[in-house]
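Trainee: I would like to learn how to read a structure carefully, one feature at a time. Please start with the overall layout and then move to the details.

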Amino acid sequence: MRPLLFVLLFLSSLAVANDKGPIIPKGKGDACVADTDFMRRNHMDLIVHQRDETVIKGIRDEPFSLVECVDCHVQKNANNEFIRIDAQDQFCASCHTFVAAKIDCFSCHAAVPDAMPDTNAREKLGSSDWLPVVPSLMLAVQNKMLTGHVGLEAEQLTDTEQLSDINVDRELGRSKQ
Amino acid sequence: MSSHDAHNNADLARRHFLRKLGVLTAAASLPALLPTVSGASVKALGGASSEQRWGLLIDTSKCASGCDACVRGCNEEHGITGTGNDDTDAQWIRKIDLKDNLTSEETSLPMLCQHCDSAPCVDVCPTGASFKRADGIVLVNKHTCIGCRYCMMACPYKARSFIHEPLTDQLSHAPRGKGTVESCTLCVHRIDKGNLNPACAESCEREGYSAIQFGDLNDPDSDIVKAITLSNAEEVRADLSLNTGVRYANL
């Protein structure tokens, strides 16, 4: 049974997106500052219009701060270093590559949170060292071959399911972030 | 005759009626006018307000010639590192050493964006990216900046820098990117959080000189305004009548 599971997992994780949509890494905590549906449709408006309020009027006490977005949705690699949020298969690019909409936010904005106490260096775009971890060895190797990053928990979103409905990693025993 | 009287009476009655109507309208609209007069609505919205005008007072007699604490403090605060090209590296604040030809007196001072009231950079910007915020801080809105560098040409203080290389290690509170112009923000990210102490002033104080003082130029009771009045602080290039927010004492 277990070998079969591994084989199925191997095959399914070959895709970074499938007919169900892009695979988007899960963020910190239980929920985003707004509904997934709202965010999916409106995050671009928040980013574009909110920024005028912040830059020109100096209003910063909104929940939709880009720094907060990065803080929650950034992932770490096996070395416990932050991966740039605009790197391939990370939070932004997973959807934006799928819809072929180029974003330029992080040529200016910080793509990782400011240096945390437990990290020595920030993950640079496109480079990663990975440590083979026995339970997810196959997954790690396969992901490294494809993307150059160690794959972390990924969620497949459907139109009706919320992020919290997906419990794939529980079955596999992968550790939560 | 009686018809004339009647006509007059009617006119008078009309006049009285209109007068009463006018008084009533004025009385009714008075409460609606009062809140806008007090200006309370601006503060309630949050953000920058024109009630403050942030500025710096730099005492050049306290500024030591070889010291660059303010420069180091600013660079550290905003993640400004060298790119290997000294000529084109960004500098938000720099030290200038002056020598008076007549008296041979030497002065050292930091030069940074002066946050002018009538800033030339704001005037010339073709996109409106260079703007003056309500509280007097002159900023570059890098979303709108196209990198034409007209503001760099216009600035009499050479305060602005252009970023020539792609950057990857920005700090979260100081977004900077290739192709845009930047300059001193008076540490607006600190001010907006209530920390009224720019990095340069903090560095200078840590170094022991305390030559840079930050404060509200609109508040006549603030320390900075009192110090400016006492020291007869002046603007650099006062002949340009820019009404700068940065004043220098003992120049």
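Trainee: Which pattern does chain A follow when it is read along the sequence?

Mentor: Begin with the elements: helices (H or I, at least four residues) and strands (E, at least two) are DSSP runs, numbered from the N terminus. Chain A follows the pattern α-β-β-α-α-β-β-α-α-β-α along its sequence, and its secondary structure comes to six helices and five strands. Keep in mind that this is a predicted model, in which local features need pLDDT of at least 70 and side-chain atom pairs count only at pLDDT 80 or more, while totals for chains, interfaces and linings use all residues. Residues are numbered from 1 along each chain as its sequence is written, chains are lettered from A and ligands numbered from 1 in the order in which they are written, and side-chain values use heavy atoms, with hydrogens and water left out.

Trainee: How much of chain A is made up of buried residues, and what does its accessible surface come to?

Mentor: A residue is called buried under 20% relative accessible area, exposed over 50%, and partly exposed in between, with a 1.4 Å probe and protein chains only. In chain A, buried residues make up 31% of the 177 residues. The accessible surface of chain A (Shrake-Rupley method, 1.4 Å probe; for residues, only the protein chains shown count as cover) comes to about 10900 Å², with 60% of that belonging to carbon and sulfur atoms. A contact means heavy atoms within 4.5 Å, and of the contacts in chain A with a separation of 6 or more, 63% are accounted for by residues 24 or more positions apart.

Trainee: Is helix α3 of chain B largely enclosed or left open by the rest of the structure?

Mentor: Count its buried residues: seven of the 10 residues of helix α3 (residues 69-78) of chain B are buried, so this helix is largely enclosed by the rest of the structure. Among them are B:C70, B:V71, B:C74 and B:H78, and the cover over the buried residues includes β2 (93-99), β3 (106-112) and α7 (199-207) of chain B. The helix is followed by B:G79, whose phi is positive, near 70°.

Trainee: Which residues form a nonpolar patch on the surface with about 320 Å² of accessible area together?

Mentor: They are B:F17, B:L18 and B:L21. Patches are made of residues with over 30% relative accessible area and no salt bridge, with like charges joined within 9 Å and nonpolar side chains (Val, Leu, Ile, Met, Phe, Trp, Tyr) within 5 Å. B:L18 is found in helix α1 (residues 2-38) of chain B and is exposed, with a relative accessible area of 55%.

Trainee: How many salt bridges does the structure hold over all chains?

Mentor: A salt bridge is a side-chain nitrogen of Lys or Arg within 4 Å of a carboxyl oxygen of Asp or Glu, and the structure holds 17 of them over all chains. In one of them B:D68 pairs with B:R72, the closest N and O atoms being 3.0 Å apart; B:D68 is partly exposed at 32%, and B:R72 is partly exposed at 43%.

Trainee: Which parts does the salt bridge between B:E182 and B:K142 tie together?

Mentor: Their side chains meet at 3.6 Å, N to O. B:E182 lies in strand β7 (residues 181-182) of chain B and B:K142 in the loop between β5 (138-140) and α5 (150-154), so the pair ties together parts that are 40 residues apart in sequence. B:E182 is buried, with a relative accessible area of 0%. The side chains of B:R247 and B:E235 also meet in a salt bridge (3.6 Å, N to O). B:R247 lies in strand β9 (residues 246-249) of chain B and B:E235 in the loop between α8 and β9, so this pair joins parts 12 residues apart in sequence. Both ends are buried, B:R247 at 17% and B:E235 at 15%. Salt bridges that share partners also join A:R60, B:R133, B:D135 and B:D192 into one network.
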